[in-house]
Amino acid sequence: MNTDPISDYLTRMRNAIRANHKVVEIPTSKTKREITKILFEKGYILNYKFVDETNPGMIKIALKYHPTSKLSAITELKRVSRPGLRRYVGVEELPSVLNGLGIAIISTSHGLMTDKEAKAQNVGGEVLCYIS
């Protein structure tokens, strides 16, 4: 049993990047699927695939690296809100990661979205993580 599946997701990604793996497999959930879709849309990962044959299903994520320097597109993954200390923000307090170069993933009443999308829709919520 995992008490914080989002931290597990971020840790598996972080470990795969440090080991220079091309693909990482992560057990799936609705929240992890949405985070993966956001990472793909914003260009932090190369591709993803949801594999549902097993119980629980898996997410296969192809990590993105620079072709010559082999540096990852993701430099930092940081969990903000956690089960022991939830962090909620209003629309006027939404964080800016690396002065707009990174993203914050926010769980809102309209679903998961980035900090910029939340500002555009004028909604606040729980800050899940920072990605840069």
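Strand S1 and strand S3 (residues 58–63) run antiparallel and are joined by five bridges. Helices (H or I, at least four residues) and strands (E, at least two) are DSSP runs, numbered from the N terminus, and two strands are said to pair if DSSP finds at least two bridges between them. Within this pairing, Ile26 has Ile59 in S3 as its bridge partner.

The model described here is predicted: local features need pLDDT of at least 70, side-chain atom pairs count only at pLDDT 80 or more, and totals for chains, interfaces and linings use all residues. Residues are numbered from 1 along each chain as its sequence is written, and side-chain values use heavy atoms, with hydrogens and water left out.

## The open sheet and its helices

S1 and S3 belong to an open sheet of three strands in the order S1-S3-S2, with antiparallel pairing. Strand S1 (23–27) and strand S2 (45–51) are the edge strands, each pairing on one side only. From one strand to the next, the twist averages 20°. Axes are lines fitted to C-alpha atoms, for helices over the stretch in contact, and angles run from 0 to 180 degrees between N-to-C directions.

Helix H1 (residues 5–18) touches S1, S2 and S3, and its direction makes about 165° with that of S1. Helix H2 (residues 30–41) also touches S1, S2 and S3, and its direction makes about 150° with that of S2.

## Strand S8 and its partners

Strand S8 pairs in the antiparallel sense with several strands, as set out below.

| Partner of S8 | Bridges | Residues standing opposite |
|---|---|---|
| Strand S4 (residues 77–79) | three bridges | Leu77 and Ile131 |
| Strand S5 (residues 88–89) | two bridges | Val89 and Gly125 |
| S6 | five bridges | Ala104 and Tyr130 |

S8 is mostly covered, as seven of its seven residues are buried. Buried means under 20% relative accessible area, exposed means over 50%, and partly exposed lies in between (1.4 Å probe, protein chains only).

## Nonpolar cores

In soluble globular proteins, nonpolar side chains tend to be buried together. A nonpolar core is here a set of buried Ala, Val, Leu, Ile, Met, Phe, Trp, Tyr and Cys residues joined through side-chain atoms within 4.5 Å. The largest such core has 25 residues, and Met13, Ile61 and Ile131 have the most contacts inside it. At least two residues of this core come from each of H1, S1, H2, S3, strand S6 (103–108) and strand S8 (125–131). H1 supplies the largest share, six residues.

Which residues does Ile131 contact, leaving aside its neighbours within four places in sequence? They are Leu39, Tyr44, Ile74, Glu76, Leu77, Val97, Gly102, Ile103 and Ile105.

## Aromatic residues

Rings of Phe, Tyr and Trp (its six-membered ring) pair if their centres lie within 6.5 Å; planes under 30 degrees apart count as stacked, over 60 as edge-to-face and the rest as tilted. By this rule there are two aromatic pairs. Phe40 and Tyr48 are edge-to-face, at 5.3 Å centre to centre with 80° between the planes. Tyr48 and Phe50 form a tilted pair, at 5.1 Å centre to centre with 50° between the planes.

The relative accessible area is 35% for Phe40, which is partly exposed. Tyr48 is partly exposed at 25%, and Phe50 is partly exposed at 23%. The charged end of Arg33 sits over the ring of Phe50, 4.4 Å from its centre; this requires NZ of Lys or CZ of Arg within 6 Å of the ring centre and within 35 degrees of the ring normal.

## Individual residues

Asp115 is found in helix H3 (residues 115–121). Asp115 is buried, with a relative accessible area of 2%. Not counting residues up to four places away in sequence, Asp115 touches Leu94, Pro95, Ser96, Val97, Ile103, Ala104 and Ile106.

Asn99, in the loop between S5 and S6, has a positive phi of about 55° although it is not a glycine. Asn99 is exposed, with a relative accessible area of 78%. Asn122 lies in the loop between H3 and S8 and has a positive phi of about 60°, although it is not a glycine. Asn122 counts as exposed at 55% relative accessibility.

Conventions
Contact = heavy atoms within 4.5 Å.
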